[in-house]
Amino acid sequence: MTFLEVRNTLVSSLAVALGIPVLLSDQVQPEAELPFIVYSVTAPYASTGELGDHTQTVIENEDGTEALIDNRREQPSATFSFTACSENRWDGEEYVYGDDEAQSITEKAIGYLLQGGYNDLSNKGIVVAEVTNVGNRTTLIIDEAARRYGFDVRVRYTKDDQRRDDILQSVVTKEEKE
């Protein structure tokens, strides 16, 4: 599995579960309609420091010679930061308290990652390894506060790498003169 597959699966699963957009932060585009979640990648690849699990297979080339395929498998982690965004506003006939809405979205997102979506993500090759504490990430925007609460998620996934090495078929050496 590649990092992009991990990211896309995690983000789309969370968006479907919450029913709101989950968007990459720091983009030059108009802000989405509230509420929404923004995310950033804080560590796309963190190795465990191990060499990985290696397996080797010998294959035959088109010309009849042999090559060695070295497969390396490891389970790195990736860390994402999610922030639920809202603000105080009228939504039709109802007044929405942005602080309450952002906290509620954060709780639902964490609940999904730790319970409802844990098996779904695991079946897709992504294991939720850690969810950090929620922090207040509210910011002041001129005369109104953008209510924001966020948390980080560390996931593990399986990454495969492959290398092909040709095998020497015969070696000619020089004889030493005595």
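**Surface and strands**

Author: Start with Y95, which is partly exposed, with a relative accessible area of 33%. Keep in mind that the model is predicted.

Reader: Why is Y95 called partly exposed?

Author: The label goes to values between two cut-offs, because under 20% counts as buried and over 50% as exposed. Y95 has 33%, so the label is partly exposed.

Reader: Where in the chain is Y95 found?

Author: Y95 is found in strand β7, which covers residues 94-96.

Reader: Which residues form a nonpolar patch on the surface?

Author: W90, Y95 and Y97 form that patch. Together they have about 390 Å² of accessible area.

Reader: Now charge. Which residues gather in a patch of negative charge?

Author: On the surface, E60, E62, D63, E66 and D166 gather in such a patch. Take D63 from that group: D63 lies in the loop between β3 (53-60) and β4 (66-74).

Reader: Is D63 buried or exposed?

Author: D63 is exposed, with a relative accessible area of 60%. The cut-off for exposed is over 50%.

Reader: Next, the strands. How many bridges join β1 to β2?

Author: Three bridges join β1 (residues 22-24) to β2 (residues 36-46), and the two run parallel. As an example, L24 has Y39 in β2 as its bridge partner.

Reader: Do β2 and β5 run parallel or antiparallel?

Author: Strand β2 and strand β5 (residues 77-86) run antiparallel, joined by eight bridges. In β5, T83 stands opposite V38.

How values were computed:
Residues numbered from 1 in each chain as written. Predicted model: local features only at pLDDT ≥ 70, side-chain atom pairs only at ≥ 80, totals over all residues. Heavy atoms only, no water. Patch = residues over 30% accessible without salt bridge, like charges linked within 9 Å, V, L, I, M, F, W, Y side chains within 5 Å. Areas by Shrake-Rupley, 256 points an atom, 1.4 Å probe, with all protein chains shown as cover. Salt bridge = Lys/Arg side-chain N within 4 Å of Asp/Glu carboxyl O. Helix = DSSP H or I, 4+ residues; strand = E, 2+ residues; numbered from the N terminus. Buried < 20%, exposed > 50% of the residue type's maximum accessible area, 1.4 Å probe, protein only. Lys, Arg positive; Asp, Glu negative; His and termini not counted. Charge placed at Lys NZ, Arg CZ, Asp CG, Glu CD. Pairing = 2+ DSSP bridges.
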